[in-house]
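Trainee: I have a structure open and would like to learn how to read it. Could you walk me through some features?
Mentor: Gladly, let's look together.

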Amino acid sequence: KDSKIEKMNLDLKAWAKKVGNSMPHSGRFCSERIGLTSYQVQPDANWSKHDDTRIYHKFLEDWLTQREAEVLRDPVLSRVLWAVRAINRVFAVLYQGGLWLTQDEAQEAGKLGRHWLRLYAEVAAISLKAGKLRFPIVVKHHMLDHHFRDLLAGSQHVWTWNCLADSVQMDEDFIGHTARLSRRVSP
């Protein structure tokens, strides 16, 4: 387990050196970061910044694509590849779009988002059937489904509200600054 995780860390570092890529803000890829302390526990990502999730998703898509022939022979990995491609495109559309999305943007993000949820449910079912603690269905998936359905419904209009406007989007540079500032002023 440790040697596989270290190999992924080295692959992540090599990938991050390519133009347009970067390392996650949370640091190196390690078993503590992904919550995989043993194969008997449910892994759970241990970072709080969405940009790290985006970075890991971009890396994972690239890593799986490089091994696509092998990946497509595995029922879980093939779905993970299709799912990460879908969710990466969803967030590209949402982050590149404005406060109001065009019909095409809303429809693409909504369809791909719902596709991601279906693929995730499939790998969760495969894992459950195999008796593995992987891919839990969490409450956030229900919330995301509402956002994706709203995008699809909104795509019937000329403009659709970008669901990112209703989420907490904090610039990475501001994290912790407010707390430091509040400790440095007099009562």
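Predicted model: local features only at pLDDT ≥ 70, side-chain atom pairs only at ≥ 80, totals over all residues.

Trainee: Where is Asp-145 placed?

Mentor: Asp-145 lies in helix α7, which covers residues 139-154. Leaving out residues up to four places away in sequence, Asp-145 touches Arg-114 and Leu-117.

Trainee: Now cysteines. Is Cys-30 buried or exposed?

Mentor: The idea is to compare the value with the cut-off again. Cys-30 is buried because its relative accessibility is 12%, with buried meaning under 20%. Cys-163 is buried too, with a relative accessible area of 12%.

Trainee: How many disulfides does the structure hold?

Mentor: To call a disulfide, we look for two cysteine sulfur atoms within 2.5 Å. The structure holds zero disulfides.

Trainee: And how many aromatic pairs are there?

Mentor: There are six aromatic pairs. One of them joins Trp-15 and Phe-59, with 5.7 Å centre to centre and 65 degrees between the planes. Planes over 60 degrees apart count as edge-to-face, so this pair is edge-to-face.

Trainee: Which parts of the chain does the pair of Trp-15 and Phe-59 link?

Mentor: Distant ones: Trp-15 sits in helix α1 (residues 2-16) and Phe-59 in helix α3 (residues 50-66), 44 residues apart. Both Trp-15 and Phe-59 are buried.

Trainee: Which residues form an aromatic cluster?

Mentor: Trp-116, Tyr-120 and Phe-135 form one aromatic cluster.

Definitions and conventions. Residues numbered from 1 in each chain as written. Heavy atoms only, no water. Helix = DSSP H or I, 4+ residues; strand = E, 2+ residues; numbered from the N terminus. Contact = heavy atoms within 4.5 Å. Buried < 20%, exposed > 50% of the residue type's maximum accessible area, 1.4 Å probe, protein only. Phe/Tyr/Trp six-rings, centres within 6.5 Å; stacked < 30°, edge-to-face > 60°.
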